[in-house]
Amino acid sequence: MKLAKKLIAVLALLPGLAFAAEGGFPLEPAPQRSDLSSLQNGAKLFINHCLNCHSASSMRYNRLRDLGLSEEQIKNNLLFSQDKVGGMMTTAMRPDDAKAWFGAVPPDLSVIARAKSSPAGSGADYLYTYLRTFYKDDNRPTGWNNMVLPNVAMPHVMWQQQGVRQAKFQEVADPHEQGKTVHKFVGFETVTPGTMSPQEFDTATADLVAYLSWMAEPAQDQRKKLGVIVLLFLSIFAFLAWRLNESYWKEVK
C-alpha cells in the first residue's frame, strides 16, 4: 500500500519535473488557425524563412494541393529552385557548412510540432512561444538568443518582421538560497520596430505554427472525420446488437 502511494506521488510530480527540465519559461497557448488561408500563408512563410536551412524531408511540395493550391500556383509561387512539384522539401545547405556556421545541424522540421510536445504544453505551444521570444544578444555568435531555448544556435530569421528587441532582466532574491540573487525576466524592450505590428507578427507566427502542425500529420482532418464515422457506425451496430439480444432471450425467459 505504501509503495503504491509513493508511486502515485512520483507520477504526480513528473509534469512539474519535466517543465523544470525544459528551462521553466511558460509556454503561451498557440491560437487555433485551421482555415485554408492561414495554412497557405503559413506554407509561404515556412518556405521563405525556414526552408533555407531546415529540411522537411517527409513532405512533398505537391501535398500542398490539400491546402487548396494548384500545381501551377505551387510551381510559380513556392518553388524557387530546380525542385519539382513532386519533389521533397529539402535544403541545399550541406550539413558540414551548417555545423560550421551555426555550431549544429538544423533539425528536420517534418514532425517538429509533434516532437516538441511535452507536459508543459503542446508542440504548437512550444513553437509559437519559441518563435516570438527571440531577442538581441551580442554575446551569442549569431547575435540572437531565445527565452524558451537559451543559447540557441538559430538566428532570428523573422527579425525584420518583428523588429529588434532586447530582453530586460531584474535582480531579485533567490527563493531557494538565502542571500543570493538571480536574474528574473521582466519583459522585452523594442530597439527597432519591424515591418509588422506586434499583432500582425503574432498572426503570422500563428499561421506558420499552424502549417507546421498540419505538416506533422497532413491527414489529421481525414483521420478525425473517419473516426467520427467509425464511432457512429459502432454506436448503431451496438444498438442493433442490444435489440437483437433482447429479442432472442425474450423467448427463452
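Guide: Accessible areas come from the Shrake-Rupley method with a 1.4 Å probe, and for residues only the protein chains shown count as cover. By that method the protein exposes about 16,400 Å², of which carbon and sulfur atoms supply 58%. This is a predicted model, in which local features need pLDDT of at least 70 and side-chain atom pairs count only at pLDDT 80 or more, while totals for chains, interfaces and linings use all residues. Residues are numbered from 1 along each chain as its sequence is written, and side-chain values use heavy atoms, with hydrogens and water left out.

Visitor: How do you know how many helices and strands the protein has?
Guide: Helices (H or I, at least four residues) and strands (E, at least two) are DSSP runs, numbered from the N terminus, and the protein has nine helices and six strands.

Visitor: Why is L69 called buried?
Guide: Buried means under 20% relative accessible area, exposed means over 50%, and partly exposed lies in between (1.4 Å probe, protein chains only). L69 has 14% relative accessibility and therefore counts as buried; L69 sits in the loop between β1 (56-60) and α3 (71-77). Buried residues make up 34% of the 253 residues in the protein.

Visitor: Which residues does L69 touch, leaving aside those up to four places away in sequence?
Guide: Contact means heavy atoms within 4.5 Å, and L69 touches Q40, L64, I74 and L78. The C-alpha atoms of L69 and Q40 are separated by 8.0 Å, although these residues are 29 apart along the chain.

Visitor: What makes α6 largely enclosed by the rest of the structure?
Guide: Nine of the nine residues of α6 are buried, so this helix is largely enclosed by the rest of the structure. The buried residues of α6 pack against α5 (112-115), β3 (134-136), β4 (144-146) and α8.

Visitor: How do you know at what angle α6 and α8 cross?
Guide: Axes are lines fitted to C-alpha atoms, for helices over the stretch in contact, and angles run from 0 to 180 degrees between N-to-C directions. On that basis the axes of α6 (residues 123-131) and α8 (residues 198-216) cross at roughly 145° and come within 9 Å. The contact involves A124, L127, Y128 and L131 of α6, and residues of α8 including F201, D202 and L212.

Visitor: Why is the pairing of E28 and R132 called a salt bridge?
Guide: A salt bridge is a side-chain nitrogen of Lys or Arg within 4 Å of a carboxyl oxygen of Asp or Glu, and the side chains of E28 and R132 meet at 3.1 Å, N to O. E28 lies in the loop between α1 (2-21) and α2 (36-50) and R132 in the loop between α6 and β3, so the pair ties together parts that are 104 residues apart in sequence. R132 counts as buried at 15% relative accessibility, whereas E28 is partly exposed at 37%.

Visitor: How many salt bridges does the structure hold?
Guide: The structure holds seven salt bridges, among them the one between D66 and R63, whose closest N and O atoms are 2.5 Å apart.

Visitor: Why is F237 called exposed?
Guide: F237 has a relative accessible area of 52% and is therefore exposed; its place is in helix α9 (residues 220-252).
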